[in-house]
Amino acid sequence: MDKTLLLFLFGVLLFASPLVGWWTAPGTHVLTVYVLWAVLIGLIALVAYRDER
Amino acid sequence: MNVELAILYAVGVAYLALLFFIAHATERGWVPEGIVRHPLVYALSLGVYATSWSYYGSVGFAQEQGYNFLSIYLGVTLAFALTPVILSPILRLVRDYQLTSLADLFAFRYRHQFTGLLVTVFMLVGILPYIALQIKAVTESVAVLTREAPPHLLALGFCATLSLFAILFGARHITPREKHEGLVVAIAFESAVKLIALLMVGAFALFGIMGGPQALGEWILAHPEAMEALYAPVREGSWMTLMLLAFAAGFLLPRQFHMIFVENMDPRALRVAAWAFPLFLLLLNLPIPLILWAGQAAQVGTAPDYYVLGLSVEQGYGWALFTFIGGVSAASAMMIVTTLALAAMCLNHLILPARYQNQALPRHNLYTWLLWGRRILIVLIIAMGYVFYRLMEFHQGLVQIGLISFVAVAQFLPGLAGLLFWPRATHVGFIAGLIGGITVWVLALIVPLLQQSGFIQNEFSMQALFNAEGQDRWAFSTFWSLAANSVLFVLFSLLTRPSPEEHEAALACRMEQVEPPRGQLEVQSVKHFEEQLAQTVGPQTASLEVSRALADLGLKPTETSAGELRRLRERLERNLSGLMGPLLSRMIVDDRLRVDPHTKVAIADSLRFVEEQLEHSNIRLQGLAAELDTLRRYHRQVLHELPLGVCSLTPDREIIIWNTAMSLISGIPSQQASGRRLRQLGEPWHGILRAFLRGDDRHLYKLHINIHGASRWINLHKSAIEAPGTLTPGALAGGTVILVEDLTELHSLESEVAHNDRLASIGRLAAGVAHEIGNPLTGIASLAQNLKYEQDDTEREFTAQQILEQTRRINDIVQSLVTFSHTGELPDTARTTVDLHACVDEAIQLVQLSESARERSCENLLTEGIRIWGNYQRLLQVFVNLLNNAIQASRPGDRVRVAGEPRGDFVEVQVEDEGGGIPESLLDRVFEPFFTTKPPGEGTGLGLSVVYSIIQDHGGAVYVENLPAGGARFTLRLPMEDAAPLQDAQEIMAT
């Protein structure tokens with residue numbers, strides 16, 4: 001549960017906070033947002049896998 | 001309809017037929033179970049989220065709002081990141097209480113008829129724009145391919161075809177609570193088709209239009225404004241609002257709720273879907289910027305919303321057809337699943353409650369009535385979507401229409417938060433909040449839509465009213481609708497109190513339900529259940545539902561236990577909830593299967609209920625309570641794992657505890673015994689325990705009972721349980737605890753030891769027997785020799801008489817041996833009246849066969865006529881062992897005496913010798929098994945322990961002491977015939 005909330009907060013920080021300005025700054029690579037999204041998905045999978053164990 | 005249009009229609013219908021075939025094949029079992037139940041198939045089926053909006057509209061959205069289009073999917077990802085906190089608890093509730101829609105969920109928690117009605121009507125109205133969007137997308141995609149304005153007939157034909165397939169997919173089963181495995185697999189297939197089609201268009205855009213990855217890189221470098229057009233709207237626009245709306249839509253949209261929760265076959269699959277579904281969305285959106293740039297570069301002659309199709313046309317007609325199938329797939333899947341979910345809501349919360357209140361529920365063929373009800377509703381909902389599509393003049397893009405529905409669905413967020421986390425929330429608060437949110441939603445989003453379509457002529461603008469005309473409309477409408485909703489929800493919840501039903505539902509939602517059940521059921525049997533239910537739902541449905549509930553719980557139709565009947569009632573309520581919704585099922589069950597709140601619930605039932613709730617609840621006990629709970633669990637575990645049978649009873653003979661050992665000994669499972677009255681146990685246990693409870697003895701030893709033809713020996717002990725010091729209502733008020741020791745194995749071992757000891761004795765006697773038999777045989781031989789020459793009849797007769805005498809002597813010896821050695825002919829429990837004097841005589845005759853006894857004499861001084869109740873053969877073994885022991889301890893010429901006389905209810909028998917006695921230090925050990933003072937090989941050490949065991953069995957005692965003049969004395973104390981404490985089980989049961 002704690003890991004889940006931490007993960008959610010990480011997601012909020014990355015995609016729903018002023019930090020959005022960092023990865024949308026001019027000159028950012030076209031795939032940056034997809035990479036960050038993929039990292040979040042990877043972390044969700046990691047937490048789900050660890051919880052299941 | 002021209003030829004091209006006819007081909008497109010045929011292709012669309014053929015594709016839907018293929019989906020139906022996949023569903024049919026799955027339900028027929030033609031698709032392997034491993035595929036059907038694979039978590040990735042479940043995750044793919046959630047791809048129903050991606051509709052025409054995603055398939056076509058994302059490119060147009062990206063053109064207008066850059067990367068803002070991704071917020072619709074990133075919000076869903078954040079929602080799925082919270083799977084253990086939000087999605088898993090909802091799934092548990094949906095599965096446990098057989099809820100079939102979001103309206104069911106809210107009606108379950110906020111127990112009021114208006115709750116379900118309001119949620120259903122609002123959901124219906126809120127989703128209509130979304131359904132209209134799908135119809136618009138399909139007809140416009142046809143226009144792109146045919147380059148002609150789409151005929152309205154096409155939209156109507158699409159709706160009619162979809163109605164048919166929606167019925168075929170989801171309304172073929174009798175009850176809505178059944179899972180549609182076929183639907184899940186078909187929707188998963190549909191998601192795969194969408195993904196492949198979009199990736200193929202993306203690949204064409206990359207290699208066919210943009211010239212490959214390297215050329216694309218160069219194009220991006222040459223067009224920095226294209227990158228800025230993607231990122232700038234995220235910094236400036238409604239990114240956060242869209243994320244929030246997508247967060248809610250990800251699991252609250254009717255189709256999402258239906259696929260995530262209602263169609264879930266395995267809760268573990270949700271954990272896989274938590275990452276696999278966002279991954280699917282990521283892959284689906286990966287080609288969108290490419291398609292946008294390629295569409296711009298190739299100057300495709302369509303609106304950006306249809307670049308996907310326009311690019312495919314550039315590629316070739318076959319490609320375009322496949323892309324078109326992807327679009328049809330996205331729209332049809334959304335419409336089918338949405339209408340299925342909405343139909344269930346309408347039936348449960350609009351139609352059925354109205355019919356129930358008017359007492360107009362069909363009493364015959366209820367299932368068929370429900371099935372047709374759902375079918376008609378499916379057609380009606382799609383028809384409403386079509387009417388909405390025709391009436392509204394959509395001047396907005398696909399995404400803009402869809403977002404109206406997203407804001408509507410977000411209105412359920414405050415209520416859901418209350419459901420999961422705030423037990424104080426009430427239905428008044430929920431309804432007030434929802435009405436507030438709906439009002440803002442209508443004013444901010446629907447009124448402008450109606451104004452644009454010409455239905456409303458005035459210039460009203462809510463944004464102007466709030467002086468916020470420059471604000472983003474989605475941010476404005478979302479903020480104010482949710483703010484009004486949340487404030488009213490909290491305010492009205494605090495101003496009102498949850499009803500007892502709401503309180504109970506709130507605890508169930510938080511898995512904190514630990515209150516014991518109150519009152520006893522008025523119905524007393526399964527048959528009575530059926531009769532009562534039949535008055536509302538008809539005899540056929542009542543019978544089927546009761547049978548189903550019985551099967552779910554593994555109960556028999558003959559069940560009468562109050563606790564089990566209560567479980568049956570709960571199960572019936574849940575099953576009926578899957579059929580008619582939670583509110584109606586509660587009303588029917590409360591009305592027909594009444595509970596009398598003034599009666600006392602069986603304590604065992606209350607205990608079991610509270611324990612079950614504690615086991616499954618989310619309550620985190622802290623401090624002393626946690627310590628006490630740990631101690632309680634430990635004590636309960638000790639009781640259950642104790643190798644002794646434990647049965648505790650209340651003063652009115654209700655069984656509270658029936659532990660594992662007791663189940664093994666009795667053959668009655670704990671769940672069958674706990675909570676029942678003693679009289680419901682059946683024989684022989686009812687008779688045994690009742691007789692023991694009534695009797696004065698606190699202990700009964702070596703009780704022989706017969707269970708299913710097999711003999712068992714048990715010890716019984718009982719003790720009164722003191723009532724706790726302070727008694728609260730419903731608390732335990734004392735009772736009795738009975739311990740049952742199973743001695744069957746021990747008894748078998750003892751019999752074996754005694755038998756071995758007898759065989760050893762016979763071995764020791766063998767030489768003496770040969771000698772004793774040899775003498776008369778020699779005599780017989782001599783007499784027979786003489787008889788040959790004897791002429792005188794009188795002498796011959798005398799000789800014959802002497803031969804017979806010698807033969808009788810041999811026969812006596814053999815008979816004594818046979819009596820002594822037989823073990824299996826009579827059971828050890830075969831007790832008769834035993835003449836103790838005769839028994840001692842026979843024992844002396846036997847021991848005198850041994851060589852060592854020849855020079856010692858044995859005297860039987862026992863008073864004649866003493867009779868005891870016992871086993872002759874075993875008592876004979878006692879005296880043989882004691883006499884052998886005495887003879888072996890004696891010197892040649894010594895005497896061994898057996899004397900005794902009655903003393904009250906007992907008889908005391910002494911066996912004395914004149915030997916050297918037993919060392920004082922060893923006196924306490926002589927009855928221990930395998931204890932011997934003889935050299936190795938000369939004694940087994942079992943003789944005296946067997947004596948001890950047999951005398952104990954006879955309810956007696958044995959002591960040893962040294963005589964002052966030398967020698968040892970063994971004293972047996974045995975109950976006389978009239979005072980025998982042991983009675984067999986039949987006697988006990990008869991008292």
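Which strand of chain B pairs with strand 11 (residues 895-903), and over how many bridges? Hello everyone, let me start there. The partner is strand 12 (residues 906-912) of chain B, and the two run antiparallel over seven bridges. Strands here, like helices, are DSSP runs numbered from the N terminus, with at least two residues of type E for a strand and at least four of type H or I for a helix. Two strands count as paired if DSSP finds at least two bridges between them.

A word on the model before I go on. It is a predicted one, where local features need pLDDT of at least 70 and side-chain atom pairs count only at pLDDT 80 or more, while totals for chains, interfaces and linings use all residues. Residues are numbered from 1 along each chain as its sequence is written, and chains are lettered from A and ligands numbered from 1 in the order in which they are written.

Back to our strands. One bridge joins B:Val898 to B:Val911 in strand 12 of chain B. Axes are lines fitted to C-alpha atoms, for helices over the stretch in contact, and angles run from 0 to 180 degrees between N-to-C directions.

Now to a helix pair. The axes of helix 13 (residues 239-252) and helix 14 (residues 254-262) of chain B come within 6 Å and cross at roughly 55 degrees. That makes helix 13 of chain B oblique to helix 14 of chain B, given that angles under 35 degrees count as roughly parallel, over 145 as roughly antiparallel, 65 to 115 as roughly perpendicular and the rest as oblique. B:Phe251 of helix 13 and B:Phe257 of helix 14 are among the residues making the contact; contact means C-beta atoms, placed from the backbone, within 7 Å.

What about the interior? The largest nonpolar core has 223 residues, and B:Leu245, B:Ile291 and B:Val308 have the most contacts inside it. Such a core is a set of buried Ala, Val, Leu, Ile, Met, Phe, Trp, Tyr and Cys residues joined through C-beta atoms within 7 Å. Buried means 20 or more other C-beta atoms within 10 Å of a residue's own, exposed means 12 or fewer, and partly exposed is in between, with C-beta atoms placed from the backbone. Helix 18 (residues 317-357) of chain B gives the most to this core, with 20 residues. Among the residues B:Leu245 touches are B:Leu403 and B:Phe406, leaving out residues up to four places away in sequence.

Finally, chain A. It has three helices and zero strands, and buried residues make up 23% of its 53 residues. Where the chains meet, 25 residues from chain A and 27 residues from chain B take part. Helix 3 of chain A gives the most to the side of chain A that touches chain B, with 11 residues.

How values were computed:
Contact = placed C-beta atoms within 7 Å.
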